[in-house]
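This report describes selected local features of one structure. The sequence and model are shown first.

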Amino acid sequence: MGNQEIVQKLWSLCNVLRDDGITYHQYVTELTYILFLKMMKEKDNEKHIPEEYRWDSLTEKHGIELHDHYRQLLLDLGKVESEIIQQIYNNATTNIEEPKNLEKIIRSIDELDWYSAKEEGLGDLYEGLLEKNASETKSGAGQYFTPRPLIDVIVKLVDPQPGERCNDPAAGTFGFMIAADTHVRSNTDDYFDLGEKEAEFQRNEAFTGAELVKDTHRLALMNALLHDMHGEIKLGDTLSEMGSDMKNYDVVLTNPPFGTKKGGERPTRDDLTFTTTNKQLNFLQHIYRSLKADGQARSAVVLPDNVLFEGGAGAKIRADLMDKCNLHTILRLPTGIFYAQGVKTNVLFFTRGTKDKDNTKDVWVYDMRTNMPSFGKRTPLTVKHFDDFIKAYRAGDRTKVNDERFNLFTREEIKKKDDSLDIGLIADESLSMYENLPEPIESAEEAVGKLEEAVGLLNEVIEELRAVESGKDE
C-alpha cells in the first residue's frame, strides 16, 4: 500500500466523524494529535513522550475509558518538557464526542501499512494529507496551501544553497521550506556531501518561519518534524513587533495571506517605513528588508494583483523595492490555482542590492495568464505548465528569447506609469470571453462552497473600500 492509498484511507475516516459535526480542518488537526503518537512509535522515537501516553496506551483501551484517557493525554502532553511536543499539543482539545468514533479512527490508523509508509517517507505521507485537505473546497484550507507545482518551480529557480538561511514569514504548513530542504538534500546526497557541522546547520537552523494561526502552526511543526527539520517556526504575527527580529536571511520564499488587517488597523511594527492596512504590501516591505544587503540574498513572493497597482503607500513601497532590490522578474500567474478562484496572483523575483538606490534597471514580465486553461480539479496545474517560463527565466541572454509572453520594461517606463507593475499581460481579445471560465458545479454542496468563496471575496473588497475611505478621512 503506497502513501496515496494511505492518505485516501485516512481521509475517508473523516466520514466517521460527520455525526460529531467536525469540519475537515478540525479533522486534520485531530489526526495530527493521533498521528504524532503513531509516527513517533514507527520512528522508534518515543523517549520524550511519557510512557502512559505513548501509542500503545491508545490501542489497549476501549470505549469511554479510551475517550477519557485521550482527553487527559491532550491536556498533559501540552505540559511536558519537550518543546516540540508542547507546541504540538498546546491548548489541544478534542472535537470527537463519540467514544466509538475515536476508537474506530485509532484502530484504523493502527492497521495501516506503516512499513510501506516509512519506505516512502512519513513526511511525504503527512504532506499528502495536507494537500488533500487543501484540495477540498469545503475545508477552506487552500487559502494557506500554495500549489505544490508552483512551490517546486519557485524553489528550483531561486535555488537555495547549503549554508544559506532560508525563511518563510507566512509559513502556513511550511511547504516552501520543506521544498527548499528537499532541493538542498537532493543536491548534496541527503547532506552526506556536507561536513558534520554543515549538515547539523541544515537540519537545525537553515529553515525557519512564522505562522499566525495556532492550528496551522501545529500542522507546520508536525510537517517539519516528519521531514527531520528542526529550525524555529515562530507562533505569531510577522507584522507585529515579533517580526522586527526576523532579518539577515539569504533566501525568503513565501505566499502571504490575502486581505487587509481586521478593522483596517495598521501593523504594530515601527520599523516599516510606509504605513498601510494592506497586509501584502506590509509583508512585501518586511521581506525585502529582511534580506541581507550583500547582492546575493534573494526572494520569490506570491502576491495578488492589487499589490502591483495600488496607489499611495503602494506606489512608494514598489519604488522602494526597486531601489533596494533588483526586481528582475514578475510571473503573472493564471487564475483558478488557489482556493479562492477569482484571485489573480503573481510571483515577484528579486535580489537585494548592496546599496539602497537604483538596483532595478529593468523588469522582465512573463504572462502565464492570458489564453491559459481554466485550472482546477479537471485541469490541475502541473510543473510542465511552467516549462516555457523556466526556459525564459534561465536564458543567458533574455533578449534572445523568442516568446511573446516574455517582455521587458525599463525602470524609466515603469516610473512614467506611477511605478505601477500591472504590466506585461498580452493584449489578446480572441479568447477573452472564455478566459478563466469557472468549472461546472456538480452538487449542492459544491454550490454552497462556491457561494461562500464569493461572499469571502466580496467581504475582502468591502474591507479594502473601508480602508480607502478611512485613509481619506485621515
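Cys325 is buried in this predicted model, because its relative accessible area is 0%, under the 20% cut-off. Cys166 is also buried, at 1% relative accessibility. The structure holds 0 disulfides; a disulfide is a covalent bond between the sulfur atoms of two cysteines.

| Residue | Relative accessible area |
|---|---|
| Cys325 | 0% |
| Cys166 | 1% |
| Thr238 | 1% |
| Arg269 | 9% |

**Strand 8 and its partners**

Strand 6 spans residues 325-332 and runs parallel to strand 8, with 4 bridges joining the two. Within this pairing, Thr329 stands opposite Trp364 of strand 8. Strand 8 is also joined to strand 9 (residues 406-410), here by 5 bridges and in an antiparallel arrangement. Tyr366 has Phe406 in strand 9 as its bridge partner. Of the 6 residues of strand 8 (residues 362-367), 5 are buried, so the strand is largely enclosed by the rest of the structure.

**Thr238 and Arg269**

Thr238 lies in the loop that links strand 3 (233-235) to strand 4. Thr238 counts as buried because its relative accessible area is 1%. Leaving out residues up to four places away in sequence, Thr238 touches Pro169, Ala210, Gly243, Met246, Arg269, Phe283 and His286. Between Thr238 and Asp168 there are 70 residues of separation in sequence, while their C-alpha atoms are 9.9 Å apart in space.

Arg269, one of the residues touched by Thr238, is found in the loop between strand 4 (251-254) and helix 13 (279-290). Arg269 is buried, since its relative accessibility is 9%. What does the side chain of Arg269 make a polar contact with? The partner is the side chain of Asp271, at 2.6 Å. Beyond its neighbours within four places in sequence, Arg269 is in contact with Thr238, Leu239, Ser240, Glu241, Gly243, Ser244 and His286.

**Helix 4 and helix 6**

Two packed helices are described by the angle between their axes and the distance between the axes. For helix 4 (residues 63-77) and helix 6 (residues 99-110), the axes come within 8 Å and cross at roughly 80°. The two helices are therefore roughly perpendicular to each other. On helix 4 the contact is made by Gly63, Ile64, Leu66, His67 and Tyr70, and on helix 6 by Pro99, Leu102, Glu103 and Ile106.

Terms used
Residues numbered from 1 in each chain as written. Heavy atoms only, no water. Buried < 20%, exposed > 50% of the residue type's maximum accessible area, 1.4 Å probe, protein only. Polar contact = N/O pair within 3.5 Å; in protein donor to acceptor, adjacent residues only side chain to side chain. Contact = heavy atoms within 4.5 Å. Pairing = 2+ DSSP bridges. Disulfide = S-S within 2.5 Å. Axes fitted to C-alpha atoms, helices over the stretch in contact; angles between N-to-C directions. Parallel < 35°, antiparallel > 145°, perpendicular 65-115°, else oblique.
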